[in-house]
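Open the model in your viewer and get ready to select residues. We will go from stop to stop.

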Amino acid sequence: MLESGLIPLIFMVAVAIVVLSIFFSFVPVMLWISALASGVRIGIITLVAMRLRRVIPSRIVNPLIKARKAGLELDTNQLESHYLAGGNVDRVVDALVAAQRADIPLGFERAAAIDLAGRDVLEAVQMSVNPKVIETPIVAAMAKDGIELRTKAKVTVRANIDRLVGGAGEETVIARVGEGIVSTIGSSNSHKDVLENPDLISKTVLNKGLDAGTAFEILSIDIADVDVGKNIGAQLQTDQAEADKRIAQAKAEERRAMAVAQEQEMKARVQEMKAKVVEAEAQVPLALAEALTSGKMGVMDYYNMQNIAADTQMRQSFGTPGDKQKNTPPNGQE
């Protein structure tokens with residue numbers, strides 16, 4: 001009898017425990033009590049409705065408690081709508097509290113827009129109070145005298161909350177500062193002017209308003225390091241001289257090849273003319289034979305012609321110094 005009466009009691013207790021577990025897991029009673037203790041009036045039905053809308057109540061109630069303690073007038077509808085939009089409610093509330101402490105005008109709608117834009121709104125508020133230093137990579141530029149300068153700068157920026165939505169980021173600031181450094185060094189007549197006055201770069205770059213359209217306000221640009229690089233002007237002149245030399249050598253080689261070809265052509269023409277002379281001389285005996293045969297020339301005429309040729313050859317040999325010494329008798333006797 002006793003055992004049969006305990007079984008229903010144990011069953012009822014187990015069912016009660018299960019029901020209470022489901023109730024307390026679905027209805028955040030402890031969170032509701034914590035909100036009431038913090039002075040935040042929120043109904044238990046509102047918390048249950050958040051569950052039904054797939055909103056984690058702690059993600060709304062805890063930031064709301066923090067905001068009320070800081071004196072911010074926020075309601076659950078604002079925080080819940082931002083949460084459903086995919087924003088970070090806790091981060092936005094922290095940024096609003098930090099902005100209030102720093103006396104920076106920042107409303108919830110602006111903070112929520114900045115957060116939904118993908119920027120860290122709390123970091124932006126902190127950067128407004130404590131400016132950030134951005135170090136640029138090494139920027140190489142050449143002055144008008146052809147000397148390269150390698151410069152590194154540190155840019156102190158402060159976040160501009162009004163331009164955080166739609167404003168350019170750090171990469172744009174770094175690119176613009178690098179462009180300003182290159183322009184300033186390139187317009188200098190000598191690299192020594194830049195080395196003597198590095199602040200010339202800072203003043204010139206700051207006057208260009210490089211922070212326009214960005215989410216930052218440039219406070220200062222400090223030149224951290226300036227190193228002398230290569231003599232690019234001399235190197236370019238050397239390369240140009242080498243190129244001109246190669247062009248001149250190519251043209252000279254072309255002229256030499258043309259001269260050689262012309263010389264060979266002239267030699268060929270000389271040989272051709274000699275061949276024509278030999279051919280013409282070969283016709284002389286034939287013409288003499290034909291003249292003798294036809295009776296146009298006698299034997300005595302032929303001998304007279306031979307004597308004239310021999311006499312001419314002898315006279316030519318006398319006119320040559322080597323031949324004259326050769327034909328002179330020994331001891332000067334004639």
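Predicted model: local features only at pLDDT ≥ 70, side-chain atom pairs only at ≥ 80, totals over all residues.

Stop 1: In soluble globular proteins, nonpolar side chains tend to be buried together. Select Leu-74, Leu-79, Leu-96, Leu-106 and Ile-185. These residues have the most contacts inside the largest nonpolar core, which has 60 residues. Now color helix H6, residues 89-101. H6 gives this core its largest share, seven residues.

Which residues does Leu-106 touch, leaving out those up to four places away in sequence? Show Ala-95, Leu-96, Ala-99, Ala-111, Val-121, Val-125 and Ile-161: Leu-106 touches each of them.

**Stop 2: two helices.** Select H2 (residues 29-37) and H4 (residues 57-70). Their axes lie 10 Å apart, at an angle of about 10°. Angles under 35 degrees count as roughly parallel, so H2 is roughly parallel to H4.

Next, show the side chains where they meet. From H2 come Leu-31, Ser-34 and Ala-35; from H4 come Pro-57, Ser-58, Val-61, Asn-62 and Ile-65. Five residues of this contact are nonpolar, three are polar and none is charged.

Stop 3: Select strand S2, residues 139-142. Which of its side chains are buried? Val-139 and Ala-141 are, and they point to one face.

Finish between the strands, where the hairpin has four residues. Click Gly-146, which takes a positive phi near 90°.

Key: Residues numbered from 1 in each chain as written. Heavy atoms only, no water. Core = buried A, V, L, I, M, F, W, Y, C linked by side-chain atoms within 4.5 Å. Buried < 20%, exposed > 50% of the residue type's maximum accessible area, 1.4 Å probe, protein only. Contact = heavy atoms within 4.5 Å. Axes fitted to C-alpha atoms, helices over the stretch in contact; angles between N-to-C directions. Parallel < 35°, antiparallel > 145°, perpendicular 65-115°, else oblique. Nonpolar A, V, L, I, M, F, W, Y, C, P; charged D, E, K, R; others polar. Pairing = 2+ DSSP bridges.
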